[in-house]
Amino acid sequence: MFRGKYRYKVLEYELTFEDLPETFDGYKISQISDIHSGSFDNPDKIAYGIDLINQQQSDVLFFTGDLVNNTASEMEPWMSFFSKLKAKDGIFSVLGNHDYGDYVSWPSPEAKEANLNRLKEIQQEMGFELLLNEHKYIERNGEKIAIIGVENWGKGGFKKAGDLNKAIAEIQENDFKILLSHDPSHWEAEVIPHAQHFHLTLSGHTHGMQFGIEIPGW
């Protein structure tokens with residue numbers, strides 16, 4: 001990416017749900033996605049972006065996948081920056097298609113697995129709660145909302161590691177549900193037709209139609 005990668009924008013939306021638990025009226029969510037840290041080259045710009053996120057004073061922060069381009073090591077130099085992210089009820093995350101190391105050659109299956117394990121450790125060390133086909137509840141004053149996170153699931157040739165049914169096991173039908181799923185094609189293929197109702201699905205992957213060109217030698 002040679003242009004636009006540091007052109008941050010804060011987009012604000014007000015959402016209304018008839019069955020949102022009353023305690024969560026006015027609850028503020030911030031979502032970030034597709035960090036692709038292997039493309040970073042300007043610490044000052046990254047620090048500014050982190051400050052901008054924290055200025056939102058969010059109740060909860062969601063990261064919807066693609067921490068790296070290819071390898072966990074790409075994130076190592078930037079961990080201290082992203083460790084400064086704050087939200088009252090924590091930071092929840094899911095994996096994106098780039099996080100599995102599928103787009104680079106590995107000397108062995110074990111090396112690829114070790115890379116993914118390190119990426120998961122990095123998220124934990126930064127204070128992210130990584131949801132791997134599972135859910136957590138946020139509770140306030142005796143009321144709760146369910147935060148559901150699935151691994152990457154995408155149409156076509158994209159990885160299909162997401163297991164929605166596993167992620168919602170033991171969730172009650174009437175629970176208010178927020179789903180984190182990296183690829184928006186998952187919403188059309190599996191979320192809409194599902195027997196359970198998901199009040200809000202947050203995804204990344206498309207980059208707002210932003211794209212990059214890698215030129216060997218540059």
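Modeller: What follows is a walk through the aromatic pairs, and then the charges over rings. The model is a predicted one, in which local features need pLDDT of at least 70, side-chain atom pairs count only at pLDDT 80 or more, and totals for chains, interfaces and linings use all residues. Residues are numbered from 1 along each chain as its sequence is written, and side-chain values use heavy atoms, with hydrogens and water left out.

A search of the whole structure finds eight aromatic pairs, where rings of Phe, Tyr and Trp (its six-membered ring) pair if their centres lie within 6.5 Å, and planes under 30 degrees apart count as stacked, over 60 as edge-to-face and the rest as tilted. One of them joins Phe24 and Tyr27, whose ring centres are 5.1 Å apart and whose planes stand at 75 degrees, so this pair is edge-to-face. Both Phe24 and Tyr27 are buried (under 20% relative accessible area, with exposed over 50% and partly exposed in between, for a 1.4 Å probe and protein chains only).

Phe40 and Phe82, by contrast, are stacked, at 6.2 Å centre to centre with 0 degrees between the planes. Because Phe40 lies in the loop between strand 1 (29-32) and helix 1 (43-54), while Phe82 belongs to helix 2 (residues 79-82), the pair ties together parts 42 residues apart in sequence; helices (H or I, at least four residues) and strands (E, at least two) are DSSP runs, numbered from the N terminus. Phe40 is buried at a relative accessible area of 17%, and Phe82 is buried at 5%. Ring pairs also link Phe40 and Phe82 with Trp78 and Phe81 into a cluster.

Turning to charges, the charged end of Lys144 sits over the ring of Tyr137, 4.1 Å from its centre, and Lys160 lies over the face of Trp153, 5.4 Å from the ring centre; a charge sits over a ring if NZ of Lys or CZ of Arg is within 6 Å of the ring centre and within 35 degrees of the ring normal.
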